[in-house]
Amino acid sequence: MRIKHKSSLRLTDVMEDQTLRWKFEAYLKDNERSIENLEFVSWFEDYKIKFRKITPQMQAKEAIRVLTRYFYRNSSHELNLDEDVKVKTINVVKYCIDNRQPVHPSGFQQAFEISRSLIECSSIPMFISHLKARKRPSLRDVLSSNIRRSFESF
């Protein structure tokens, strides 16, 4: 797996390469503790596709699940968004549900754009740095290698 220069690696590149995606997800969980951004972005992309294929009732259930998981204060996977973005998203979605209107993906658009930007501008560059740092041999590896070579020369 060859990694592009960090400024050219995009989220779509990561998501299309199964190994890279798996490593990125592990990095987000274990290092940044920000897997919720990727989960939400992935959900949004899927929701845009299935939106027209599901009933308004299913849209409402899905929207409530997403609000509960990512938008409410102290939720299990609260997104790192400004409070006004969260409130606006919640209000738009609740308005649709209360008025029995379709919960269009555009209600989540601003949150999606911010979350995706956080991933591409912060998480991916940090992930690339993390991968590059892990490829460097540690001091212990270098020293043990040098010691082994000295013994082999005897």
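Reader: Which residues does Gly107 touch, not counting residues up to four places away in sequence?

Author: Gly107 touches Thr89 and Val92, where contact means heavy atoms within 4.5 Å. This is a predicted model, in which local features need pLDDT of at least 70, side-chain atom pairs count only at pLDDT 80 or more, and totals for chains, interfaces and linings use all residues. Residues are numbered from 1 along each chain as its sequence is written, and side-chain values use heavy atoms, with hydrogens and water left out.

Reader: Where does Gly107 lie, and how do you know whether Gly107 counts as buried or exposed?

Author: Gly107 lies in the loop between helix 5 (83-98) and helix 6 (109-135). Helices (H or I, at least four residues) and strands (E, at least two) are DSSP runs, numbered from the N terminus. Buried means under 20% relative accessible area, exposed over 50%, and partly exposed in between (1.4 Å probe, protein chains only). Gly107 has 14% relative accessibility, so Gly107 counts as buried. The C-alpha atoms of Gly107 and Lys88 are separated by 8.6 Å, although these residues are 19 apart along the chain.

Reader: How many helices and strands does the chain have?

Author: The secondary structure comes to 7 helices and 0 strands. Of the 154 residues, 35% count as buried.

Reader: What describes the packing of helix 2 and helix 3, and why are they called oblique?

Author: Helix 2 (residues 18-32) and helix 3 pack at an angle of about 135°, with their axes 8 Å apart. Axes are lines fitted to C-alpha atoms, for helices over the stretch in contact, and angles run from 0 to 180 degrees between N-to-C directions. Angles under 35 degrees count as roughly parallel, over 145 as roughly antiparallel, 65 to 115 as roughly perpendicular and the rest as oblique. The two helices are therefore oblique to each other. In their contact, Arg21, Phe24, Glu25, Leu28 and Lys29 of helix 2 meet Ile35, Leu38 and Ser42 of helix 3.

Reader: What makes Ser42 count as buried, and which residues are in contact with Ser42, leaving aside neighbours within four places in sequence?

Author: Ser42 has 19% relative accessibility, so Ser42 counts as buried. With those neighbours left aside, Ser42 is in contact with Met15 and Arg21.

Reader: Why is Arg116 called buried?

Author: Arg116, found in helix 6, has a relative accessible area of 18% and is therefore buried. Leaving aside neighbours within four places in sequence, Arg116 is in contact with Leu11, Thr12, Val41 and Glu45.

Reader: Why are Arg33 and Asn74 called exposed?

Author: Arg33 has a relative accessible area of 60% and is therefore exposed. Asn74 has 69%, so Asn74 is exposed. Arg33 is found in the loop between helix 2 and helix 3, and Asn74 in the loop between helix 4 (56-71) and helix 5. Phi is near 55° for Arg33, a positive value in a residue other than glycine, and near 65° for Asn74, again a positive value in a residue other than glycine. Most residues other than glycine have a negative phi.

Reader: How many disulfides are counted?

Author: A disulfide is a pair of cysteine sulfur atoms within 2.5 Å, and by this rule the count comes to 0. Cys96 is buried at 12% relative accessible area, whereas Cys121 is exposed at 62%.
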